[in-house]
Structure formats: structure tokens, C-alpha cells
Amino acid sequence: RMGAAARGPAVLIGVVVGFLLVGASAAVEVAVVAVAPGTPLVAGVLLAVYSLASLIGGLAIGHVAIGPWSLARRLTVVALGLAVCVPWMNVWTIGVGLVIAGLGVAPVFAVTYALVVRAVPATESPEAFGWLGTGALVGAAAGSALAGVAIEGIGPAGAFVTAAALATLGTVVAIAVVRLLPLPLFVTPPN
């Protein structure tokens, strides 16, 4: 049945969290370009730092068992890191904030995908993962658009405020739905 995979809470939670997390990341991309106008190398280095921190976060805690609060905790790391970028708009502080935030990004994706694998029958998983991808892509469009509007209104800090707000909203969603998560999830550590 078309649409059956999207009816379960795990997929809906994954779509909403993916929308908000990728929206926050898209806002970060807009923000770093606005912070470093005319210096694409600086913007590129900041985005690389964010990406590498995500890779490190995924490698460091990707094997950790997932519990009921894992999604909220990992989103909190992202939100706090992005919030660090707002008050001190300089390249170094933004870099530190993006390292902190990046450490939570891949782990959030790990939890959302694990939730869907646990909750959705194998026959519905292609559709479920299609929904997750759609949520993320719509989030990217929305996050970059909102960040652009924020920059026009209050400057580059507005894009970081947008990113932090989207990640914080993701954390709030994760806390609000903790009882709906299909747990326990068993993650076997690598040998």
C-alpha cells in the first residue's frame, strides 16, 4: 500500500527530525558564506570542520547502544554547538561551535535510521527511507531559505540563529516523542 510506511511514528519522527536537522545544516552553509564574504576558502574550511566533526562523531559513538533519550541527547549537542556560533561572530568561535554541533550530526542520523529499520517491515523500508530523504531535502530548501531571509533582516548572525532554532526545535520534538520511539534498539558493537 502506497503511503503505509509513513503512517508509523518512527518514520514520521524521522522525517520531522531529518527536516529540522538538515534545515539547520543548510542554514549553517548559508551562514558561513555570509560570515566570510569574498573569502570562499574560509567558508570552505568552516564547512569542512563541520563535516569532519560529524564523521568523528559518527565513528566515536556510532557503535553505542541506542536508548530512549539518544535522539534528544544527540540533537542537544547539535543545538548547543550552533548556539555557540551566535553571540561571538568570529571565525574561531564559529569553528568551535561547528565542531561541537558536527559531533552530533551523524549520530542523529544513525538513530533516526535505526529507528526506521526497527519499526518498519522490510517490504516497506524502501518507501520509509524515501520519506526520510524527502524530509531532509525539503528541510535543506527551507533551512537555506529561512537563513537567507534572516541574513537580510539582521545579518549573518541571523542565519546561525535560524540554524540553532531549527536544531533546538528538533531537540524539543525528540523529547516530546520519546514515548513513541520503537525501543529497545539493539546495536551490536563491531568486533
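I began with the pair α1 and α6: α1 passes α6 in a left-handed crossing (left-handed if the near helix is turned anticlockwise from the far one by less than a right angle, right-handed if clockwise). The model is predicted; local features need pLDDT of at least 70, side-chain atom pairs count only at pLDDT 80 or more, and totals for chains, interfaces and linings use all residues. Residues are numbered from 1 along each chain as its sequence is written, and side-chain values use heavy atoms, without hydrogens or water.

**α1 with α6**

I took helices as DSSP runs (H or I, at least four residues), numbered from the N terminus. The axes of α1 (residues 9-35) and α6 (residues 156-176) come within 8 Å and cross at roughly 165°. Axes here are lines fitted to C-alpha atoms over the stretch in contact, with angles from 0 to 180 degrees between N-to-C directions. The two helices are therefore roughly antiparallel (an angle over 145 degrees). I listed the contact residues (heavy atoms within 4.5 Å); among them are Val16, Leu20 and Gly23 of α1 and Phe160, Ala163 and Leu166 of α6. By class this contact has 18 nonpolar, three polar and no charged residues. Ala, Val, Leu, Ile, Met, Phe, Trp, Tyr, Cys and Pro count as nonpolar, Asp, Glu, Lys and Arg as charged, and the others, Gly among them, as polar.

**α4 on its own**

I checked the length of α4 next. Its 29 residues (91-119) should span 42 Å at 1.5 Å a residue, and the end C-alpha atoms are 42 Å apart, which agrees. The expected span is 1.5 Å times one less than the number of residues. At the start of α4, a side-chain oxygen of Asn90 lies within 3.0 Å of the backbone nitrogen of Trp92.

**α4 with α2**

I found α2 (residues 40-61) packed on α4 at about 35°, axes 6 Å apart. The crossing is right-handed. Contact residues include Leu46, Tyr50 and Gly57 of α2 and Ile94, Leu98 and Val105 of α4. They divide into 16 nonpolar, five polar and no charged.

**α4 with α5**

I ended with α5 (residues 125-154), whose axis comes within 10 Å of that of α4, crossing at roughly 155°. This pair is therefore roughly antiparallel. The crossing is right-handed. Tyr113, Val116 and Val117 of α4 meet Ala128, Phe129 and Leu132 of α5. I count six nonpolar, no polar and no charged residues there.

Technical notes
A polar contact is a pair of N or O atoms within 3.5 Å; within protein, one must be able to donate a hydrogen and the other to accept it, and residues adjacent in sequence count only if both atoms are side-chain atoms. Angles under 35 degrees count as roughly parallel, over 145 as roughly antiparallel, 65 to 115 as roughly perpendicular and the rest as oblique.
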